[in-house]
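Thanks for coming. I have one structure to go through today, so let me put it on the screen.

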Amino acid sequence: MHQLYPFVFSFLLVQTAIASSQLQPGFYSQTCPEAELIVRQVMRRAMIREPRSAASVMRLQFHDCFVNGCDASLLLDDTPYMDGEKQALSNINSLRSFEVIDEVKEAVESACPGAVSCADILIMAARDAVVLGGGPNWEVKLGRKDSLTASLEDSNRIMPSPRANASYLIELFNSYNLSITDLVALSGSHSIGKGRCFSIVFRLYNQSGTGHPDLNMDPVYREMLDRLCPLGGDGNVTGALDATPRLFDNQYFKDLVNERGFLNSDQTLYSGNDQTRKVVQHFSRNQEDFFSAFVEGMVKLGDLQSGQAGEIRKNCREVNKPTPGHFVI
Ligand code: HEM
Ligand SMILES: *[C@@H]1O[C@H](CO)[C@@H](O)[C@H](O)[C@H]1NC(C)=O
Ligand SMILES: *[C@@H]1O[C@H](CO)[C@@H](O)[C@H](O)[C@H]1NC(C)=O
Ligand SMILES: *[C@@H]1O[C@H](CO)[C@@H](O)[C@H](O)[C@H]1NC(C)=O
Ligand SMILES: *[C@@H]1O[C@H](CO)[C@@H](O)[C@H](O)[C@H]1NC(C)=O
């Protein structure tokens with residue numbers, strides 16, 4: 001009889017691990033009913049202080065979820081023993097507004113200590129950034145755990161370059177079971193925010209090593225970008241990703257149709273591939289369809305999970321200190 005106990009115990013643990021990976025709306029309705037309200041309030045304050053923070057926070061969901069699932073690995077600072085993802089090629093000198101996530105976490109922690117994961121906070125904050133920018137609202141699934149580690153190498157290997165072409169992006173998104181429509185809709189997140197000259201100088205002056213600019217660019221728009229980003233200029237200067245960078249709308253797709261895409265990875269969706277072009281054209285004419293496809297894409301993106309053990313971090317920037325007698329499921 002006694003010998004059965006260890007077996008029963010480990011069986012229960014396995015059940016718990018499976019149950020905890022089941023994401024659902026209202027996951028915190030008992031443990032932190034005000035969580036979503038608090039996130040929304042802090043996001044609203046952050047956007048009043050700095051409108052761009054909406055875009056910067058929303059981008060974090062993409063960079064977190066593509067690298068070993070939505071587990072807040074992106075938020076971990078480097079330690080002497082671990083190179084985090086913040087220094088990765090696509091992230092360094094580029095990702096921003098981590099302090100907004102800290103502020104949300106502090107507010108949520110003071111209402112409900114130890115209850116809400118940083119991974120879920122990212123998902124809620126990204127949704128709120130879209131809503132507060134004039135985009136669609138949707139119900140988010142919650143119940144994620146925070147990772148115990150991060151991977152600089154995985155981020156470097158996975159995250160796409162602004163030089164990427166449409167066929168590469170289709171393949172990449174397909175490897176996450178994200179469709180062509182998902183790719184185009186999610187790229188519509190570039191309806192808000194800014195990018196650096198560093199990300200576009202190659203297409204202004206030497207597209208694919210040709211010594212010439214990208215041909216798929218409206219000449220008036222190119223003159224504007226040439227002035228913003230002269231050859232040999234400051235790579236950290238920023239330009240708007242679409243003509244209405246504070247408003248979450250379908251202007252981004254209208255811009256692509258007019259060859260006024262900022263990044264090569266944006267313009268290629270219209271100019272470089274027949275399948276993505278059709279979707280771009282459709283979204284440029286129908287904002288409602290863009291919004292519903294975007295929501296579907298964000299939910300799928302938020303469903304990506306690593307299957308690794310996790311915890312609810314106290315501070316989003318570091319894993320919890322081990323407490324004797326306690327172990328993580
Ligand atoms: C399809 C592949 C994608 C590529 C190649 C890409 C690349 C980039 C690049 C290069 C920038 C500008 C960074 C800089 O110059 O510092 C940027 C900005 C941004 N990206 Fe993406 N991105 C992609 C998809 C996404 C997705 C799926 C989302 C969100 C769901 C997203 C959200 C954003 C936002 C909101 C910004 C503006 C951030 C800010 O103003 O701080 N991107 N992206
Ligand atoms: C797209 O990019 C990939 C990877 O950089 C490259 O191998 C491929 O030839 C490119 N495809 C087209 C159609 O330019
Ligand atoms: C994609 O779908 C296949 C088949 O359903 C599944 O085996 C695979 O794990 C999925 N991949 C991801 C990254 O979700
Ligand atoms: C353009 O890029 C190619 C390939 O990287 C390089 O060989 C060439 O020198 C560059 N041309 C200019 C004008 O920078
Ligand atoms: C941008 O600024 C950072 C920090 O000041 C600096 O380290 C980096 O080299 C700059 N990047 C570019 C592309 O100029």
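Three elements each supply at least two residues of the shell around ligand 1: helix H3, residues 53–65, helix H8, residues 180–187, and strand E1, residues 194–196. Before I go further, note that this is a predicted model.

Which of the elements gives the most to that shell? Helix H3 does, with six residues. In total, 26 residues surround ligand 1. The closest are Ser56, Ser94, Ser189, Gly193 and Gly195.

Now the protein as a whole. Its secondary structure comes to 14 helices and two strands. The radius of gyration is 21 Å, close to the 20 Å that the globule rule gives for 329 residues, so the protein is as compact as a globular protein of that length. The C-alpha trace spans about 80 × 35 × 35 Å along its principal axes. Of the 329 residues, 40% count as buried. On contacts, take those between residues at least 6 apart in sequence: 78% of them join residues at least 24 apart.

Helix H7 runs over residues 166–174, and its buried residues are Ala166, Leu169 and Phe173. Where do these buried residues lie when H7 is seen down its axis? They fall within an arc of 60°, so they line one face of the helix. What do the buried residues of H7 pack against? Their partners are H8, helix H12, residues 264–271, and helix H13, residues 274–285. H8, you will recall, is one of the elements that supply the shell around ligand 1.

Last, a single residue. Ala126 is found in helix H5, residues 118–132. Is Ala126 buried or exposed? The cut-off for buried is 20 or more other C-beta atoms within 10 Å. Ala126 has 26 within that distance, so Ala126 is buried. Leaving aside residues up to four places away in sequence, Ala126 touches Val57, Met58, Leu60 and Gln61. Those numbers fall in the range of H3, residues 53–65.

For a sense of distance, Ala126 and Asp226 are 100 residues apart in sequence, and their C-alpha atoms are 32 Å apart in space.

That is what I have; questions are welcome.

Note on methods. Residues are numbered from 1 along each chain as its sequence is written. Chains are lettered from A and ligands numbered from 1 in the order in which they are written. This is a predicted model: local features need pLDDT of at least 70, side-chain atom pairs count only at pLDDT 80 or more; totals for chains, interfaces and linings use all residues. A residue is near a molecule or strand if its C-beta atom, placed from the backbone, lies within 6 Å of it. Helices (H or I, at least four residues) and strands (E, at least two) are DSSP runs, numbered from the N terminus. The radius of gyration is taken over C-alpha atoms; the globule rule is 2.2 Å times the number of residues to the power 0.38. A residue is buried if 20 or more other C-beta atoms lie within 10 Å of its own, exposed if 12 or fewer, and partly exposed in between; C-beta atoms are placed from the backbone. Two residues are in contact if their C-beta atoms, placed from the backbone, lie within 7 Å. The arc is that of the directions from the helix axis to the C-beta atoms.
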